[in-house]
Amino acid sequence: MNTWWLSNQILIQSTFISLLLALSIQVPLRAGVFSFAGIGSYAIGAYTAAILTIRAQVAPVVAIGAGVLLAAVVGYLLALLVARLSGLYLGMATISFTLFLGVLATNGGDLTGGATGLFGALSTLTTEHVIAITVVVLVLLAASERGSFGRRVDAVREDPQLAVSLGVDVVRVRRRVFVVSGALGACAGGMNTLLRTTVSPETVGFHLVVTALTIIIVGGAMSWAGAAIGAVIFTWLPSILQFVGEWQLLVYGIVVAIAAVYVPGGLLGLLQEGWRRMRRRGRRLPAEGAVAQTQAAAAVDPEKELAALAAPTTEVRP
């Protein structure tokens, strides 16, 4: 076990960081907000952690926390800016935000390292720290999917106008998901930078949008568990498909196409549907057995009934 852990640490780290990155898109999608601002926040967290670690030699928790706080503030301001947009227009606006941050990083001069990026962001962050932070995030998100807040988010996604008529503040919910999305993306970017000790515009580019969206499509967009399933699949799939060689991208495309067409709810939705069918079947079998026993008890043998009618009756007199 220890040998496996040491030999696969990079894959383990990538799994949890990819999960946080995918959650930065899954959280808005669950509220019906088609936003990719979490990918831009990934760049904010990555560069903030690198700059503070290299220039100020701060602790990892401070570097990551500063990036998360800055990205949350930027996410709130972005929510105010795009408040009137929705659907594809909102998606295009948030992708533009992500691309703008990439251009800003490339032309940031000495602060961002320009096109070559920043190197030497050494820290004491470990795989165990990454796992612990991700578990805390998952617990909080799982709690948010239940209770009154979870029902409000579902109402905003299904029918915003109906949610308003029920007293749900749709605008506030949208702003909150932008803030949470920014914080999650920045947390993923900061941890990845401190683990890899480097960051550049190439590592925070548009390919992250494709990666996160692919994870969500295959795993499922309505819960954190779907993002977890997708993150595990697309982090470990390359090591499994090494024998395919240069055809790996084709295999990825086929997997995503099949999931999008035949499994629109993702693998999580498929598992949930299978579980519901098993429960319905389990409840149906005892019910059918009870009905059969009742019918058997109520059934009367015709021969025995005729024999009882033909038998003479003896009257006992005192």
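**Note on helix packing, salt bridges and backbone features**

1. Gln-57 is exposed, with a relative accessible area of 59% (buried means under 20% relative accessible area, exposed over 50% and partly exposed in between, with a 1.4 Å probe and protein chains only). The residue is found in the loop between α3 (37-56) and α4 (60-81); helices (H or I, at least four residues) and strands (E, at least two) are DSSP runs, numbered from the N terminus. Although Gln-57 is not a glycine, its phi is positive, at about 50°.

2. The model is predicted: local features need pLDDT of at least 70 and side-chain atom pairs count only at pLDDT 80 or more, whereas totals for chains, interfaces and linings use all residues. Residues are numbered from 1 along each chain as its sequence is written, and side-chain values use heavy atoms, with hydrogens and water left out.

3. The protein has 14 helices and 2 strands. Of its 318 residues, 40% count as buried. Among contacts (heavy atoms within 4.5 Å) between residues at least 6 apart in sequence, 78% join residues at least 24 apart.

4. Most residues other than glycine have a negative phi. Thr-197 lies in the loop between α9 and β2 (198-199), where it is partly exposed, with a relative accessible area of 24%.

5. Two packed helices are described by the angle between their axes and the distance between the axes. Helix α7 (residues 147-158) packs on helix α9 (residues 170-196) at an angle of about 105°, and the axes are 10 Å apart. Axes are lines fitted to C-alpha atoms, for helices over the stretch in contact, and angles run from 0 to 180 degrees between N-to-C directions. The two helices are therefore roughly perpendicular to each other (65 to 115 degrees; under 35 counts as roughly parallel, over 145 as roughly antiparallel and the rest as oblique).

6. Which residues of α7 and α9 meet? From α7 come Phe-149, Arg-152, Val-153 and Val-156, and from α9 come Val-170, Val-173 and Arg-176. By class, this contact has 5 nonpolar, no polar and 2 charged residues. Ala, Val, Leu, Ile, Met, Phe, Trp, Tyr, Cys and Pro count as nonpolar, Asp, Glu, Lys and Arg as charged, and the others, Gly among them, as polar.

7. The largest nonpolar core has 73 residues, of which Leu-20, Leu-23 and Phe-178 touch the most other members. Helix α9 supplies the largest share of this core, 11 residues. A nonpolar core is a set of buried Ala, Val, Leu, Ile, Met, Phe, Trp, Tyr and Cys residues joined through side-chain atoms within 4.5 Å. Leaving aside residues up to four places away in sequence, Phe-178 touches Val-33, Ser-35, Ala-37, Gly-75, Leu-78, Ala-79, Val-82, Leu-90 and Thr-94.

8. Residues up to four places away in sequence not being counted, Thr-98 touches Phe-36, Ile-39 and Gly-40.

9. Side chains of opposite charge can pair when their charged atoms come close. The whole structure holds 7 salt bridges (a side-chain nitrogen of Lys or Arg within 4 Å of a carboxyl oxygen of Asp or Glu). One network of salt bridges links Arg-30, Asp-154, Arg-157 and Glu-158. Between Arg-157 and Glu-158 the closest N and O atoms are 3.1 Å apart. Arg-157 is partly exposed at 22% relative accessibility, whereas Glu-158 is exposed at 59%.

10. Two further salt bridges may be checked in the viewer. Asp-169 pairs with Arg-172 at 3.8 Å, N to O; Asp-169 is partly exposed at 38%, and Arg-172 is partly exposed at 48%. Glu-273 pairs with Arg-277 at 3.4 Å, N to O. Both of these residues lie in helix α13 (residues 266-298), 4 residues apart, about one turn of the helix. Glu-273 is partly exposed, with a relative accessible area of 27%.

11. Finally, Gly-253 is found in helix α12 (residues 248-262) and is partly exposed at 38% relative accessible area.
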